[in-house]
Amino acid sequence: MKISSGGLVGVLVSLAFLHASTPQAQAAERCRFSVSTLQFVGTATEQAQCLLRNVAPFGQVGSQMAELPPALGDLVGKDTIVDKTALRRFLRAHAIDEAQIGGSLDEPLSRANNGSASAPRASYFVIHDTSTPNLLNDPFPSNINTPEWPFNNFAKYGQVAHVFVNRVGASTTKVPFGTPFRATKFETRELGIKGKGLFLHVELIQPRRRHPNGGSKNDALAPDPGFTEAQLDRLALLYIAASTRAGHWLVPAYHAVLDTGLSDGHDDPQAFNLTLWAARLKLLLDSMAS
C-alpha cells in the first residue's frame with residue numbers, strides 16, 4: 001500500500017498518516033519517537049496505545065488511541081514473571097522447539113544500532129501480515145486454514161521477518177530474535193542503522209483479495225476472521241518467549257502504524273482482533289502457571 005511521505009524533525013519522529021490511493025484518507029494521531037533514547041515517547045502503556053491503533057482497509061490508521069484489553073495492558077512494560085522452566089515444560093508438551101519461536105530462551109535479544117554493546121535491547125514486538133497471495137476477484141479458498149493450503153508452507157517466504165506463523169498455528173524462525181534485523185520503512189528510512197535491532201518482527205500468513213472500493217489490483221480485503229485462533233496462540237507464545245528473554249513485557253506494535261506517513265508504507269495487519277489475542281495470551285499464561 002502506498003502512503004504519503006513523512007520526515008524526521010529534531011529528536012522526535014512525527015508519524016502522520018495519509019493514504020495516497022483512496023479519497024477517504026484521513027490524517028491519524030501521531031506517535032513520536034525520540035532518537036536520543038531510541039524509544040517512542042510516553043510510558044510503555046501509552047506507546048502501545050499509540051502503536052496498536054486500529055488499521056482499517058487501505059491502511060487507514062485510526063485516530064483514537066487503542067484501548068488495551070486488561071490481559072495485555074496489565075503486562076506491557078512490567079517485569080516478566082514467566083518461569084522459564086514452566087515455559088520449557090509447555091514447549092516440550094506441545095513438541096515446539098525453541099528454534100521455532102525466535103531462538104534459545106537463554107540468549108539475549110538483539111541490540112539497536114546494529115548490535116552495539118551500548119545500545120538498548122529490542123523493546124518492540126511488531127505484528128505483520130504477509131498480504132499474500134493477492135487473489136484479486138477470486139474467493140478465498142476453503143482450505144486456507146489447513147496444512148494443505150500451499151501458502152501455509154514456510155518455504156514460500158523469504159527472510160523478510162524474524163518469525164513467520166502460518167494459519168495452522170505453526171511457526172518458523174527466519175532470523176533469530178538475537179540478530180539485529182529491519183522489516184519496516186520506518187526503521188530503514190527514518191532511523192537508519194540506529195534502529196536496527198530495536199524491533200522484533202513477526203509475520204502472520206494472510207491472503208488478500210481486491211476490495212471493491214479500490215483499484216483493479218488492490219489487495220485491501222482480508223479474510224474474516226483475519227487470523228485463526230491457532231495463529232493468535234502461536235503469536236502469544238512468541239510474545240511470551242521474547243518478553244521472557246527481555247525480562248520485561250515488550251511493547252507490541254502494528255507494522256502499518258510504524259510506517260504511518262511514509263510513501264509505500266504498508267497496511268498490515270488487517271482484521272487483527274486485539275481483544276481475542278489478549279484473551280488467548282491470558283489463557284496461555286494461565287496454563288503455564290497451573
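Trainee: Which residue lies over the face of Phe164, and at what distance from the ring centre?

Mentor: A charge sits over a ring if NZ of Lys or CZ of Arg is within 6 Å of the ring centre and within 35 degrees of the ring normal. Here Lys174 lies over the face of Phe164, 5.9 Å from the ring centre. Likewise, Arg209 is placed over the face of Phe140, at 5.8 Å from the ring centre. Please note that this is a predicted model, in which local features need pLDDT of at least 70 and side-chain atom pairs count only at pLDDT 80 or more, while totals for chains, interfaces and linings use all residues. Residues are numbered from 1 along each chain as its sequence is written, and side-chain values use heavy atoms, with hydrogens and water left out.

Trainee: With which residue in S10 does Phe164 form a bridge?

Mentor: Strands (E, at least two residues) and helices (H or I, at least four) are DSSP runs, numbered from the N terminus; two strands pair if DSSP finds at least two bridges between them. The bridge partner of Phe164 in S10 is Glu203. Strand S8 (residues 163–165) pairs with S10 in the parallel sense over three bridges. Strand S7 (residues 124–129) also pairs with S10 in the parallel sense, over six bridges, and Val126 stands opposite His201 there.

Trainee: Are the faces of S10 covered or uncovered?

Mentor: In a regular strand the side chains alternate between the two faces of the sheet. Buried means under 20% relative accessible area, exposed over 50%, and partly exposed in between (1.4 Å probe, protein chains only). In S10, Phe199, His201 and Glu203 on one side and Leu200, Val202 and Leu204 on the other are all buried.

Trainee: How is the pair of rings of Tyr254 and Phe272 arranged?

Mentor: A pair of aromatic rings is described by the distance of the centres and the angle of the planes. Rings of Phe, Tyr and Trp (its six-membered ring) pair if their centres lie within 6.5 Å; planes under 30 degrees apart count as stacked, over 60 as edge-to-face and the rest as tilted. The whole structure holds 14 aromatic pairs. For Tyr254 and Phe272, the centres are 5.6 Å apart and the planes stand at 70°, so the pair is edge-to-face. Tyr254 is buried at 3% relative accessible area, and Phe272 counts as buried at 10%.

Trainee: Which cysteines does the disulfide join?

Mentor: A disulfide is a pair of cysteine sulfur atoms within 2.5 Å. Here Cys31 is joined to Cys50, with S to S 1.9 Å. Cys31 lies in the loop between strand S2 (12–14) and strand S3 (32–34) and Cys50 in helix H1 (residues 44–51), so the pair ties together parts 19 residues apart in sequence.
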